[in-house]
Amino acid sequence: MSKLWGGRFTKQTDKLVEEYTASITFDKELAEEDVRGSLAHVAMLGQQGILPAEDVATIEGGLKRVLDRIRAGELAYSVSDEDIHMNIEKALIEDIGPVGGKLHTGRSRNDQVATDMHLYLRKRVVELVGLLRDLQEALVGQARENLDTIVPGYTHLQRAQPILFAHHLMAYVSMLGRDIERLQDSYKRIDTLPLGAGALAGTTFPIDRHFVAERLGFGRVYENSLDAVSDRDFILEFLSHASIVMMHLSRLSEELILWSSTEFRFVELDDAFCTGSSIMPQKKNPDVPELVRGKTGRVYGNLVGLLTVLKSLPLAYNKDMQEDKEGMFDTVRTLSGALRLFAPMIATMKVNKGQMREAVNKDFSNATDIADFLVGKGLPFRQAHEVIGKTVLYCIENGKFLLDLTIEEFQQFSELFDESIYDVLQPETVVNARDVYGGTARPQVEAAIGRAETALAET
Ligand code: ARG
């Protein structure tokens, strides 16, 4: 059979042009959505009396058979039929004869492809939100296990103040919570039906767009037919949100990689999530977080790629827009792949509580608290800061930590020191002193974990 649009042409399409312009190699991923959209469209054509009921029934039967063949991997796609829409239409016509040609009444591939993309992304966003929750659950689980694990908190990657390891993990739970909110918010816009916009201007047939919207479960329809077929901001929004999720995962990856190093030895990833070296027998490499960190680049690339494709495109549809697909598919795959691995990797990660404590015992991350102690005794904070700076310098020069100093040594720096300083300097005291909402004190972190567990249980 020749091209579905062959009438106006006197020559065959150049083979290289066919290959270059075809999208079937990748948009076959939209097969299920394409058939779903067509079923809703043809039902509407019947309901509106645009097609007789028997044609509708024949087309519906044919579409279902085509879908079965696709699912069974039995439909051979052809590059000369360009894309998934025409491959399916061709298969339908081969199956039921010329009546199959009535399916495309009142529709264009432009509103058809936009509809397929909305259906596709709507489904994926729901799946991704579920995967994000799984990861939150794994992090909250580890946090619960580490409510008494004290670890240095860093700024500038220099030890800053001791914190609960649970508090550190819960920071990621909050980030992922906002990622979920962003995806759920973008869902509103994805949940909008383009079909019925026709090629760009609407259609001469008395269609009912709201009927189709209801069939496909869309919350609303696009208000403007040009906008419906020519914008891809719903994909851009998804790619932006996905980039932010990957950025969060990449930061967590970086920390896991650092923490797994011999220099830190804070955590050990389970063997199942690491690989060895072909030459160095001692190696256990954190490949999964490394690769997630690396793949963040391609997810950003997909966003910038599509922004650049759309920039300067005149309304309405342009073939450039076929470039919207591969990046979107790739981002969905990359992100869901990362999330699927991260949840079990975090859940099975071994936390070296002893090593973390050892690090806290050998640092000056309690220095802020003696400054605060002196402030409590009436010294202005700036002067207290100066006193403690000198005390720390003294420690460094004498190979000591603050808790190693005798009371006489402390008092060289300020008369205000007394024996109670030894309790103030204990890591537990330091942590629990930060008893503000959102702070690292144990009761605050326990409450935060409780809130997260409740929220996860409710969904
Ligand atoms: N394969 C095309 C795409 O993905 C479908 C829309 C084609 N429309 C057109 N007028 N050529 O963008």
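Where is the place of His156 in this chain?

Modeller: His156 is found in the loop between strand 1 and strand 2, where helices (H or I, at least four residues) and strands (E, at least two) are DSSP runs numbered from the N terminus. This is a predicted model, in which local features need pLDDT of at least 70, side-chain atom pairs count only at pLDDT 80 or more, and totals for chains, interfaces and linings use all residues. Residues are numbered from 1 along each chain as its sequence is written.

The backbone of His156 has a positive phi of about 60 degrees, although this residue is not a glycine. Another backbone feature is the cis peptide bond from Leu315 to Ala316, with omega near 0 degrees. Ala316 belongs to the loop between helix 11 (287-310) and helix 12 (325-348).

The protein chain is divided into domain 1 (11-105), domain 2 (110-199 + 219-358) and domain 3 (359-458), with bounds that come from an automatic or database domain assignment. Between domain 2 and domain 3, the C-alpha centres lie 36 Å apart. In this pair, 24 residues of domain 2 are in contact with 21 residues of domain 3, contact being defined by C-beta atoms, placed from the backbone, that lie within 7 Å. On the domain 2 side, two or more residues each come from helix 6, strand 1 (150-155), strand 2 (158-164), helix 7 and helix 13 (353-361). The residues of that side divide into 14 nonpolar, four polar and six charged; Ala, Val, Leu, Ile, Met, Phe, Trp, Tyr, Cys and Pro count as nonpolar, Asp, Glu, Lys and Arg as charged, and the others, Gly among them, as polar.

Helix 7 (residues 165-190) also has a partner in helix 10 (residues 233-260): their axes come within 10 Å and cross at roughly 170 degrees. Helix 7 is therefore roughly antiparallel to helix 10, a term for angles over 145 degrees. Axes here are lines fitted to C-alpha atoms, for helices over the stretch in contact, and angles run from 0 to 180 degrees between N-to-C directions. Among the residues that meet are Tyr172, Leu176 and Arg182 in helix 7, and Phe234, His241 and Leu252 in helix 10. By class, this contact has ten nonpolar, three polar and four charged residues.

How values were computed. Parallel < 35°, antiparallel > 145°, perpendicular 65-115°, else oblique. Contact = placed C-beta atoms within 7 Å.
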